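Subject: Structure handover

Hello,

Here is the structure I promised to pass on. Please open it first, then read my notes below.

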Protein chains: 4
Amino acid sequence: MNGEKGYYTTKIRVRYAETDKMGLAYNGHYLTWFEVGRTEFLRDMGFTYKEAEKSGLRLPVIEAGVKYLKPARYDDVLTIKTCFGEKPGLRIRLVYEIFRDDSKLATGFTEHVFTDENLKPRKPPKWLLTKILEIWQKTVTQ
Amino acid sequence: MNGEKGYYTTKIRVRYAETDKMGLAYNGHYLTWFEVGRTEFLRDMGFTYKEAEKSGLRLPVIEAGVKYLKPARYDDVLTIKTCFGEKPGLRIRLVYEIFRDDSKLATGFTEHVFTDENLKPRKPPKWLLTKILEIWQKTVTQ
Amino acid sequence: MNGEKGYYTTKIRVRYAETDKMGLAYNGHYLTWFEVGRTEFLRDMGFTYKEAEKSGLRLPVIEAGVKYLKPARYDDVLTIKTCFGEKPGLRIRLVYEIFRDDSKLATGFTEHVFTDENLKPRKPPKWLLTKILEIWQKTVTQ
Amino acid sequence: MNGEKGYYTTKIRVRYAETDKMGLAYNGHYLTWFEVGRTEFLRDMGFTYKEAEKSGLRLPVIEAGVKYLKPARYDDVLTIKTCFGEKPGLRIRLVYEIFRDDSKLATGFTEHVFTDENLKPRKPPKWLLTKILEIWQKTVTQ
């Protein structure tokens, strides 16, 4: 399991569609890449977001931030590293780092709440909370 | 009513997010602009797509095409002209022209079917079909 | 001049392309909407970003953040209010508020540096800095 | 070489950002997926589009079309199959098929011209044309 150490890495390649006329990846797409990192991080811990939605759970973003350190460019293969940013509870804070080889291009975070289909706050299933806290434990002791 | 002659024109401005590293608008975004043209064309005939969805109607795209004649660039103000491409029935074919001033930049079409929420084909409400055919009549006699 | 009071408001309508399967506007698109707000704010003070790029100036985003207070939905007409978030210098911080009618849906910021075409920091033209500081003055005294 | 038979297959996973409120992948993103298929098809034949651009070559899209047969949904793993649609010359026609397992979800095409950086038509390098025709030969005899 890639996420054994409390974080998970996944790769994407920058699409032409994601560049802008400055020749760089457009700033808004980093949030989409965070989504990719998050989805795979959660999948790795047995939480398929698609399945979660079928069971009536939602995890909308309530806050997000990105620091752009160095530009990402067309066709770059980027590594997205995802982990929890603080002890998960009813709110979940994920932090991200984006690398091209050893070069850190961006950092960021997203904050989420567990809700039902009508976006009313609800508790996540117990197994999920247990799993999340287990991963969090690895994060702090890594 | 803008659509009185059987077509409707609306304007958009090319966003930086819509450009690519070639310095032009990325080819995929034209389909989004067609969506904007279509939405306003339908709204002009009293058919708010948002309300239609609430009533259980869907109008998914089953085919689309674009011819890129001249590049659209960042910050260009584009005019999208939308009309029916053939006599509307259970299928709807819309055709689009995109202009910057008098210069035609692109043409295209989308083809749609009326469905219910589960994407099963269904008839549109009668008032809508009547309205659509009325607009179509103007298109052919214009 | 809309920006006379030190801020500028512009409107956009949420596109179907900008929604996601939760039925809301996808979180990444808010950064594109901020771009629209920023572009029009700058245009209003006589600074066309397109022209600026032709003169070799760039204003890349080095940091961005969004707080999602209430969901924006398909076909919503949103008002984007843009102003300076702190005294402009070599760095520019813009802050944004997004409203649907009187309801505040989101707030956020972007931070920028002035660079040349190779993304090396450079000073903005003096007229621009003067203009920016003039607007800033209105912001703080408003 | 994956492309030995005259076509190339690559995989993508549908992102949440690519869905719309109908719960399906938005129609415009198929053109981005075609771009992914095309990029990898060309890479497989030793033609890195990024390198090509550095040498002054461009391959803008002049026409595109998509037939949407069955909806693609969030988190689906899709296979994109790309090959030449007709004998390549100064124009290149690529055709695409998108599958989820054995189910064909969409077909489409893009047509391109070789140009220089100013979008003036130019001949591709001879080695590239030779390579392209070699792949084409495999396509017709497959």
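**Chains A and C**

The contact takes 25 residues from chain A and 25 residues from chain C, where contact means heavy atoms within 4.5 Å. Before going on, note that this is a predicted model: local features need pLDDT of at least 70, side-chain atom pairs count only at pLDDT 80 or more, and totals for chains, interfaces and linings use all residues. Residues are numbered from 1 along each chain as its sequence is written, chains are lettered from A and ligands numbered from 1 in the order in which they are written, and side-chain values use heavy atoms, with hydrogens and water left out.

Back to the pair. Of the interface residues of chain A, 100% are also interface residues in chain C, so the copies meet through the same surface. Together the two chains bury about 2,000 Å². Carbon and sulfur atoms carry 56% of that. Buried area here is the accessible area (1.4 Å probe) that two parts lose on being put together, summed over both.

How are the two copies related? The superposition is by least squares on the C-alpha atoms of residues with pLDDT of at least 70 in both.

Two salt bridges cross the interface of chain A and chain C. A salt bridge is a side-chain nitrogen of Lys or Arg within 4 Å of a carboxyl oxygen of Asp or Glu. Glu53(A) forms one with Lys21(C), with the closest N and O atoms 2.4 Å apart.

**Chains C and D**

Chain C is laid on chain D by a turn of 180 degrees and a shift of 0.0 Å along the axis, with an RMSD of 0.0 Å. The same surface serves both copies: 100% of the contact residues of chain C recur in chain D. Nine residues of chain C touch nine residues of chain D. The buried area is about 950 Å², and carbon and sulfur atoms give 67% of it.

**Salt bridges overall**

The whole structure has 60 salt bridges over all chains. One of them pairs Glu40(C) with Arg13(B), the closest N and O atoms being 3.6 Å apart. Glu40(C) lies in helix α1 of chain C and Arg13(B) in strand β1 (residues 7–13) of chain B, so the pair joins two chains. Helices (H or I, at least four residues) and strands (E, at least two) are DSSP runs, numbered from the N terminus.

The search was run on a 1 Å grid over the protein atoms alone. A cavity is a set of points where a 1.4 Å probe fits but cannot get out; a pocket is an open set with protein on both sides within 12 Å along at least five of seven lines. Lining residues have an atom within 4 Å of a point. Grid points are joined across faces, edges and corners, and a volume is the space filled by probe spheres set on the points.

There are five cavities of 30 Å³ or more. The largest cavity holds about 550 Å³. Its lining has 28 residues, and His29(A), Ala17(B), His29(B), His29(C) and His29(D) lie nearest its centre.

The largest pocket has a volume of about 710 Å³. It is lined by 23 residues, including Lys21(A) and Arg58(C).

Best wishes
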